[in-house]
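Thanks for making the time this morning.

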Amino acid sequence: MGIFSYMRDAASPDIETLKLKDGTQMKFRTKDEKIQVYQNQSWSPFFSQGVNVGASLPGHYPGELPIKKEDYMRWFKQIHEMGANTIRIYTIHDPVFYEALVEFNQNHGEDPLYFMQGVWSPVNELDETQNAHASKVTNAFKKELKNAVGAIYGDITLPESHGNASGEYTVNAAPYLLAWHIGTEWDPKMVKKTNEKNNGKSFKGNHFQSKSEASSFENWLAELMNYTAALEKKRGWEHPMTFTNWVTTDPLKHPKEPFPMEDAIEVDATQITTNQWEAGYFASYHVYPYYPDFFRYSDQYKQVKGPNGKSNNYRGYLRDLKDYHNDLPIMVTEFGVPSSLGSSHIGENEWNQGGHTEQQQGEINKKLFNNIYQEDYAGAILFSWQDEWFKKTWNTMFYDNPDRRAYWYNALSSEQSFGVLGMYPSKTDDIQIDGKTDDWENVEDKEKLDMKRKGWEDIWVTHDEGYLYIHGTLSQPYQPEQQTLYLGIDSLPGGNRQGKPLGDKKLDKGLESIIQLSKKEKSFIKVASNYDFHQRLYGESYGMKDVKQQHSKENSGIFKPWKLALSLKTDPPHSKFSVPFDDVTVQLNKGSTDPESKTFNSHILWQAKDKSIELKIPWAMLGFSDPSKRKAISYEDVTENNSFSTEKSKGIRILPWIVEQNKETVKGLGKQNPVPVSELPIYQWETWDKVDYYEHLKSSYYTMKKAFQSTNK
């Protein structure tokens with residue numbers, strides 16, 4: 001075998017490695033356009049397929065590192081059974097991660113679960129200095145790289161530090177390391193300023209170097225990878241390396257990208273090469289089908305078609321990106337769509353950022369995966385394994401408290417629902433929205449509202465970390481073709497005390513919103529115009545009709561549909577061409593959340609059966625910015641930085657009534673005028689700091705299982 005021999009690592013006897021002449025071990029390397037794995041005393045192609053695993057659980061932020069060894073062991077089994085061969089982590093995890101991975105893999109012989117180790121950029125220092133070469137930035141990054149190497153090789157003890165992993169690292173996970181994956185998605189403004197502030201002198205290291213045409217930022221990346229390689233070499237190993245990149249800083253040009261900073265600067269992997277580093281180097285990108293916006297507007301890939309004959313900009317982009325990198329292997333290390341009720345970006349072929357059921361999420365993810373695989377990439381890593389409640393989304397972030405996001409589930413926030421392992425609110429499995437009442441019998445913290453309304457026999461209420469649940473029994477079977485059901489919600493002082501749905505009735509206390517249940521396509525939540533946060537945030541800037549009159553006038557009698565923005569109106573010179581304002585009305589979907597039902601849909605919010613009405617309403621749609629503290633968006637004007645003030649709600653009053661559509665009569669509001677809403681019982685819940693949740697493999701998991709397993713045939 002010349003200068004090579006093979007061996008089995010002493011710490012992991014089932015892992016076969018190649019030993020170089022100087023004693024260095026290798027398990028993976030890059031060759032031409034592929035990743036290769038060493039097994040059976042030879043190199044074989046290895047397509048890396050798997051999932052990104054975050055560091056958080058509901059009720060926690062990533063820096064708290066709450067995941068326990070038993071969680072990892074359970075997850076590794078599920079990920080392995082899914083057909084994945086790789087997981088990617090973004091930062092150093094606590095020792096239990098590496099301990100669990102080694103233990104799991106030692107029980108799986110020659111079919112282990114490999115991992116890519118990410119190393120988080122010093123984002124605060126980069127943002128502060130706008131210069132990657134600043135000593136405080138480079139020193140902080142090198143310290144993190146050194147700690148990550150120590151964590152993987154099990155020869156470091158990290159002291160407790162807020163927001164960082166800590167503990168004694170004692171296991172050697174290096175035999176299962178596929179690659180180093182350093183950095184985060186780069187801010188184009190920071191990259192541009194780094195290049196402007198520093199000369200372009202190329203970097204020459206013992207293991208990595210940059211070409212003469214490389215930018216200052218690319219030189220910096222070469223230096224960091226060289227630093228990591230040197231630390232590895234001292235421990236007798238070489239692993240392939242890559243740095244994080246995304247479409248915003250790719251080396252391609254996108255004429256139909258409307259926003260200049262999304263195509264202003266490039267970070268080019270081809271400007272970096274290896275030097276005496278047998279394990280090699282590859283490019284990696286995060287590629288989603290809805291961002292940046294050129295995926296929606298571009299016509300440069302119209303000739304690339306999908307199986308249905310429709311143009312496929314995503315696949316066309318993948319093809320161009322791969323062609324650009326020539327013989328350098330390239331992976332997509334983030335792709336996917338979320339299974340959120342809410343959406344936040346529009347994509348081609350309805351591959352939007354959100355608004356997908358679990359089933360739709362799986363089908364789209366499978367198509368994206370197949371595009372990557374069929375374009376001959378070296379790997380495809382799905383984002384993500386688990387849902388993450390702490391995440392913010394651009395079109396819901398103004399409506400919630402950033403310090404409390406992790407404590408409740410926002411079904412409208414697309415960023416919280418990318419996982420194929422659902423992290424759902426605690427009553428998800430306890431209460432199936434199917435119109436039946438038997439599951440409510442076992443709910444201990446439900447409350448019957450003490451009131452009598454004509455047409456209604458009773459109303460029960462409960463809640464969890466994501467929803468307000470309501471179960472009502474009507475006096476007569478519900479007839480959706482002839483009746484519209486209304487549930488008025490009073491959560492704060494203010495709102496409408498009149499309105500068309502109320503007929504000629506007045507209320508002594510206003511409603512912030514009303515829940516309208518009718519035919520399948522006519523069920524919504526509507527918000528009092530002076531409380532409507534969508535209109536208050538965007539109306540004046542984007543020309544919504546009569547916005548000033550409606551949102552300033554208390555008791556206008558106007559209720560507006562609950563909407564989410566999808567894109568903001570932008571005109572030159574702020575964009576290359578005019579981009580329209582887009583929004584979407586969030587409907588209340590009728591059906592069943594019972595996984596065994598033929599009509600199962602993870603977005604179902606209500607159902608009626610005979611005299612029974614059952615529904616769950618996302619907290620955000622009732623104006624709550626933090627239900628864990630009973631905090632709701634107030635009526636005060638939006639500030640200059642688009643923030644809303646909040647106030648504590650005493651709880652929720654529910655006013656039910658029925659409108660007979662043919663007769664246009666209102667039933668259930670009583671004879672008094674005004675209707676004494678102030679005398680209705682208040683549903684008040686205890687605030688919480690501890691979160692319970694329901695862990696559930698989504699149907700998208702099983703769809704991706706088939707996709708992953710199809711590549712192993």
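Let me begin with A84, which sits in the loop between α1 (69-81) and β8 (86-89), where helices (H or I, at least four residues) and strands (E, at least two) are DSSP runs numbered from the N terminus. This is a predicted model, in which local features need pLDDT of at least 70 and side-chain atom pairs count only at pLDDT 80 or more, while totals for chains, interfaces and linings use all residues. Residues are numbered from 1 along each chain as its sequence is written, and side-chain values use heavy atoms, with hydrogens and water left out.

Is A84 buried or exposed? With a relative accessible area of 6%, A84 is buried, given that buried means under 20% relative accessible area, exposed over 50%, and partly exposed in between, computed with a 1.4 Å probe on protein chains only. Leaving aside residues up to four places away in sequence, A84 touches Q49, G50, I79, L113 and F708, a contact being heavy atoms within 4.5 Å. A84 and A707 are 623 residues apart along the chain, and their C-alpha atoms are separated by 10.0 Å.

That end of the chain brings me to T703, which is found in helix α12 (residues 699-710). T703 counts as buried, because its relative accessibility is 15%, and, again not counting residues up to four places away in sequence, T703 touches G362, E363 and K366.

As a contrast in topic, consider K233, whose place is in helix α6 (residues 216-234). K233 has a relative accessible area of 23% and is therefore partly exposed, and beyond four places in sequence K233 touches D22, T24, H207, E238 and W277.

Now to helix packing, where axes are lines fitted to C-alpha atoms, for helices over the stretch in contact, and angles run from 0 to 180 degrees between N-to-C directions. How does α1 pack against helix α2 (residues 95-106), and at what angle? The angle is about 45 degrees, with the axes 9 Å apart, which makes α1 oblique to α2, since angles under 35 degrees count as roughly parallel, over 145 as roughly antiparallel, 65 to 115 as roughly perpendicular and the rest as oblique. On the α1 side the contact is made by K69, Y72, M73, F76, K77 and H80, and on the α2 side by V96, F97, A100, L101, E103 and F104. Sorted by class, this contact of α1 with α2 has eight nonpolar, one polar and three charged residues, where Ala, Val, Leu, Ile, Met, Phe, Trp, Tyr, Cys and Pro count as nonpolar, Asp, Glu, Lys and Arg as charged, and the others, Gly among them, as polar.

The second pair is helix α8 (residues 313-324) with helix α9 (residues 358-374), which pack at an angle of about 30 degrees with their axes 10 Å apart, and that angle makes α8 roughly parallel to α9. Here Y314, R315 and L318 of α8 meet L368, N371, I372 and Q374 of α9, and the residues of this contact divide into four nonpolar, two polar and one charged.

Turning to the backbone, most residues other than glycine have a negative phi, and most peptide bonds are trans. A cis peptide bond joins Y291 and P292, with omega about -5 degrees, and P292 is found in the loop between β16 (283-286) and α7 (294-297). Another cis peptide bond joins N673 and P674, with omega about 15 degrees, and P674 is found in the loop between β36 (665-667) and β37 (682-683).

Q130, although not a glycine, has a positive phi of about 50 degrees; Q130 lies in the loop between α3 (123-129) and α4 (135-153) and is buried, with a relative accessible area of 12%. D610, also not a glycine, has a positive phi of about 60 degrees and is placed in the loop between β30 (604-609) and β31 (612-618), but D610 counts as exposed at 52% relative accessibility.

Finally, on confidence, the mean pLDDT of the chain is 93, and 96% of its residues reach 70 or more, pLDDT being the predictor's confidence in each residue, from 0 to 100. Over residues 1-13 pLDDT stays under 50, and the model has 38 contacts beyond four places in sequence for that stretch. Over residues 547-551 pLDDT also stays under 50, with 15 such contacts.
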